[in-house]
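Could you walk me through this structure? I'm new to it and would like a plain tour of its sheets, a few helices and some aromatic rings.

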Amino acid sequence: METATSKPHFVLVPWIGSISHILPMTDIGCLLASHGAPVTIITTPVNSPLVQSRVDRATPHGAGITVTTIPFPAAEAGLPEGCERLDLIPSPAMVPGFFRASRGFGEAVARHCRRQDARPRRRPSCIIAGMCHTWALGVARELGVPCYVFHGFGAFALLCIEYLFKQRRHEALPSADELVDIPVLPPFEFKVLGRQLPPHFVPSTSMGSGWMQELREFDMAVDGVVVNSFEELEHGSAALLAASAGKKVLAVGPVSLPHQPILDPRAASDDARRCMAWLDAKEARSVVYVSFGSAGRMPAAQLMQLGMALVSCPWPTLWVINGADTLPGDVRDWLRENTDADGVAHAHSKCLVVRGWAPQVAILDHPAVGGFMTHCGWGSTLESVAAGMPMVTWPFFAEQFINERLIVDVLGIGVAVGVTRPTENVLTAGKLGGAEAKVEIGADQVKKALARLMDEGEDMRRKVHELKEKARAALEEGGSSYMNLEKLIHSSV
């Protein structure tokens, strides 16, 4: 019988730019360990507690998983100490410095892996690297082990990106206001505006076209792609991507699903306990949960329109706001006067505001929640599907407009609020022509989308509940994600 010590040793290096990349890669490490494979997850000092706490919750005493911390050369790149994720950088002008520091971090990780190669029990058998860790391929080739990439995107979005790289239809657009046809899953039609394309095809990014070309070369050269998804969700996108890219594409998710949504009251934060106590007092399927991810920052004027819709709609709302403390004074005053944004949650309150973080998996799993307004980040999309929760879609940037098309047009489990313009973010700050200051979606438009979901969404609920059951089956023994984890392990022996 194969033992843990005879199984391959996986080295996982999550892309440190975002929590939305760090957490799912940590979850993949936990899944590999649950299949008996030893795992090392390498990260930075600031991110290490985040990874370790996730590991400790998922596995008894962190069995089979080692979390290794490698210093991040922030000061050498001109960054303040501790700026080890993009959301921690105080100014968009520091983004190039962050990527320089990331390269230095990669060089240090490469040296660490080479040292481990001399230790038989710690020798890497396979490297799974986050999307921007292009250095990982050279190390893997030097050690003679396979290298997989984890993008944080779904298989459908990756398939669309692969199609765009090969067909280059976007290059013929006369303007960013024109539609690009991406016919990857007939008979469904997929058209997005030029300005809604993923960052690979948008020149106005602080990463620069040279860096994007390097990422593309990395993607083409790796041995395979690990995807946080399950084969039954994306209408065969993983198999189509594998055929088009000529490499293995292994869907192993939803990777957050094995985590128990029940919070340990001894370990939960004050915010987490406040959220759950507030939800406990609400009727079943009556609450709208609103969150736009760890990087989503809505412009103040647009946030006010959203807020006016939420406080005047008939459904109680749990609203997570990133960067609430940096909002203009008049917006903060409005929030204090119209919502429970003062840190006190009353059972009868209509709109509970949480500043910065909330226990999303537990919230989505709570019986009081009936709908999720989301930015369509892939992690949030998967968590919503795993909880059987229909969505109102409000994409911000990256591949989120493509994810919206999958959610609304293919799967039929969401309602689009109607946003057409990307939101400024740390990679494009100041480069989108000032569109970030304008209000595109009014309060009435928000309320109409919510009404379609909460009052008329039974068909969406039925479809997403069916996907929830398929998601659970995928991770059970013999399921598609379970078998793909086994394929990943056996291909690395």
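Helices (H or I, at least four residues) and strands (E, at least two) are DSSP runs, numbered from the N terminus. This is a predicted model, where local features need pLDDT of at least 70 and side-chain atom pairs count only at pLDDT 80 or more, while totals for chains, interfaces and linings use all residues. Residues are numbered from 1 along each chain as its sequence is written, and side-chain values use heavy atoms, with hydrogens and water left out.

Let's start with Thr68, which sits in strand 3 (residues 65-69). Is Thr68 buried or exposed? Its relative accessible area is 16%, so Thr68 counts as buried (buried means under 20% relative accessible area, exposed over 50%, partly exposed in between, with a 1.4 Å probe and protein chains only). Setting aside neighbours within four places in sequence, Thr68 touches Thr40, Ile41, Ile42, Thr43 and His112; contact here means heavy atoms within 4.5 Å.

Where does strand 3 belong? Seven strands make up an open sheet with parallel pairing, in the order 3-2-1-4-5-8-9. Two strands pair if DSSP finds at least two bridges between them. Strand 3 and strand 9 (248-251) are the edge strands, each pairing on one side only. From one strand to the next, the twist averages 20°. For angles like this, axes are lines fitted to C-alpha atoms, for helices over the stretch in contact, and angles run from 0 to 180 degrees between N-to-C directions.

Strand 2 (residues 39-43) runs parallel to strand 3, and five bridges join the two. Opposite Thr68 of strand 3 stands Ile42. Helix 2 (residues 48-58) packs on this sheet and touches strand 2 and strand 3, with its direction at about 175° to that of strand 3. Helix 16 (residues 480-490) packs on the sheet too, touching strand 1 (10-13), strand 4 (126-130), strand 5 (147-150), strand 8 (224-227) and strand 9. The direction of helix 16 makes about 135° with that of strand 9.

**Some aromatic rings**

How many aromatic pairs does the structure hold? There are twelve. Rings of Phe, Tyr and Trp (its six-membered ring) pair if their centres lie within 6.5 Å; planes under 30 degrees apart count as stacked, over 60 as edge-to-face and the rest as tilted.

| Pair | Centre to centre | Between the planes | Kind |
|---|---|---|---|
| Phe72 and Phe98 | 5.5 Å | 40° | tilted |
| Phe72 and Phe105 | 6.2 Å | 50° | tilted |

Phe72 lies in the loop between strand 3 and helix 3 (95-116), while Phe98 is in helix 3, 26 residues apart. Phe105 is in helix 3 as well, 33 residues apart from Phe72. Phe72 is buried, at a relative accessible area of 6%, and Phe98 is buried at 0%. Both Phe72 and Phe105 are buried. Ring pairs join Trp15, Phe72, Phe98, Phe99 and Phe105 into a cluster.

Why is strand 10 (residues 287-291) described as largely enclosed by the rest of the structure? Because five of its five residues are buried. In a regular strand the side chains alternate between the two faces of the sheet. Strand 10 is covered on both faces: Val287, Tyr289 and Ser291 are buried on one side, Val288 and Val290 on the other.

Strand 10 pairs in the parallel sense with strand 13 (residues 369-374) over five bridges. In strand 13, Phe372 is the bridge partner of Tyr289, and Met373 is that of Val290. Three bridges join strand 10 to strand 11 (residues 317-321), which also runs parallel, and there the partner of Val290 is Trp319.

**Helices by this sheet**

Strand 10, helix 9 (residues 300-312) and strand 11 make a right-handed β-α-β unit. A crossover is right-handed if, with the strands pointing away from the viewer, the path from the first strand over the helix to the second runs clockwise.

Among the buried residues of helix 9 are Gln302, Leu303, Met304 and Leu306. The buried residues of helix 9 pack against strand 10, strand 11, helix 10 (329-338), strand 13 and helix 14 (443-454).
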